[in-house]
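Thanks for coming, everyone. Please have a look at the sequence and the model on the screen.

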Amino acid sequence: MSRRKTLGTKKKVALLVGAAAVAGGGAFVTANASNAAQTTQNARTTSAQDSSVCQGLATALGNNQRFIDGQRAAPDAQSEARIANREAVIAEIERKQEASGCAVGESAQDSRATQPPQGGPQAGQEAGREAGEQAGGAGQAGEEVCDGSTVTLSGEGGAPAASSNQFPVGTKLKVTNLDNDKSTTVEVDSVSGSCVLLNNAAFEQVREQGKFLVRRALVERVG
């Protein structure tokens, strides 16, 4: 009787050990599945961020290329200097594309932007005045403008400022990034190929870290 009880106890111990091993293996599999899911989600998030960075840089490059095309189509006494400046800006954007792992030289156009006004700054100012008159209330101080347009950077240095193909030099615009509620008020100081482009200093005041494109922007004319 004593021998049988001893054997029975050993069998019970062996069964308990086996059950624990199976349970532990199941927990290990569950943990691995959870880790794999988290890794996949992190990869998707990183991919989306990279895509946004590349799209923003491509848009900025395209805006500058379009401005150059406009200057070459209707040159004036200052066109050569403006083109040289924008070519330097494009070179800087391409360096950022390479550093960010984007396709170097890839450009994109804002589908809502119109072609830049021809004939230099004076023509740009006249076009801006006409656009304001045609827009009615949308061109008045305090009203929303550039509805539906994305906002990107021109790549130019200097104090915070903007460029536009809709508003004359001297117009003040308030740009708000609706994704982080950051805003900046800047003055238009040059002509560009989009409704509003911010130079580097102004863009830094509203952008989300690591992004070169504001998808959801509120632009208001304040003066």
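First, the ground rules. This is a predicted model, where local features need pLDDT of at least 70, side-chain atom pairs count only at pLDDT 80 or more, and totals for chains, interfaces and linings use all residues. Residues are numbered from 1 along each chain as its sequence is written, and side-chain values use heavy atoms, with hydrogens and water left out.

Now the overall build. The protein chain has 4 helices and 8 strands. Read from the N terminus, the order is α-α-α-β-β-β-β-β-β-α-β-β.

How much of the protein chain is buried? Buried residues account for 36% of its 223 residues. Buried means under 20% relative accessible area, exposed means over 50%, and partly exposed is in between, with a 1.4 Å probe and protein chains only. The chain exposes about 12200 Å², and carbon and sulfur atoms supply 52% of that. Those areas come from the Shrake-Rupley method with a 1.4 Å probe; for residues, only the protein chains shown count as cover.

Next, contacts, meaning heavy atoms within 4.5 Å. Take the contacts in the protein chain between residues at least 6 apart in sequence: 76% of them join residues at least 24 apart.

On to the disulfides. A disulfide is a covalent bond between the sulfur atoms of two cysteines. Here the test is a pair of cysteine sulfur atoms within 2.5 Å. The structure holds 2 of them.

One is C54 with C102, with sulfur atoms 2.1 Å apart. This pair links distant parts of the chain: C54 sits in helix α1, residues 2-73, and C102 in the loop between α2 (79-99) and α3 (121-135), 48 residues apart. The torsion about the S-S bond is about -85°, so this disulfide is left-handed. Both C54 and C102 are buried.

The other joins C146 to C195, S to S 1.8 Å. It also links distant parts of the chain, 49 residues apart: C146 is in the loop between β1 (144-145) and β2 (151-153), and C195 is in the loop between β5 (182-191) and β6 (197-198). With -70° about the S-S bond, the link of C146 and C195 is left-handed. C146 and C195 are both buried. Number the bonded cysteines in sequence order, and the pairing is 1-2, 3-4.

Stay with C146 for a moment. Its phi is near 55°, a positive value in a residue other than glycine. C146 counts as buried because its relative accessible area is 11%.

C146 also takes us to the core. A nonpolar core is a set of buried Ala, Val, Leu, Ile, Met, Phe, Trp, Tyr and Cys residues joined through side-chain atoms within 4.5 Å. Which residues touch the most other members of the largest one? They are C146, V151, F167, L173, V196, L198 and V219, out of 31 residues. At least two residues each come from α1, α2, β2, β4 (172-177), β5, α4 (200-204) and β8 (217-221). The most come from α1, with 6 residues.

V151 shows the packing. Leaving aside neighbours within four places in sequence, V151 is in contact with V175, V196, L198, F203, L213, V214, A217 and V219.

Two arginines lie over rings. The rule is NZ of Lys or CZ of Arg within 6 Å of the ring centre and within 35 degrees of the ring normal. R86 lies over the face of F67, at 4.1 Å from the ring centre. R207 lies over the face of F212, at 4.8 Å.

G155 is in the loop between β2 and β3. G155 counts as buried because its relative accessibility is 14%. G155 and N200 are 45 residues apart in sequence, yet 5.5 Å apart in space, C-alpha to C-alpha.

Q166 lies in the loop between β3 (162-164) and β4. At 22% relative accessibility, Q166 counts as partly exposed.

D181 lies in the loop between β4 and β5. D181 has a positive phi of about 65°, although it is not a glycine. Buried or exposed? At 64% relative accessibility, D181 counts as exposed.
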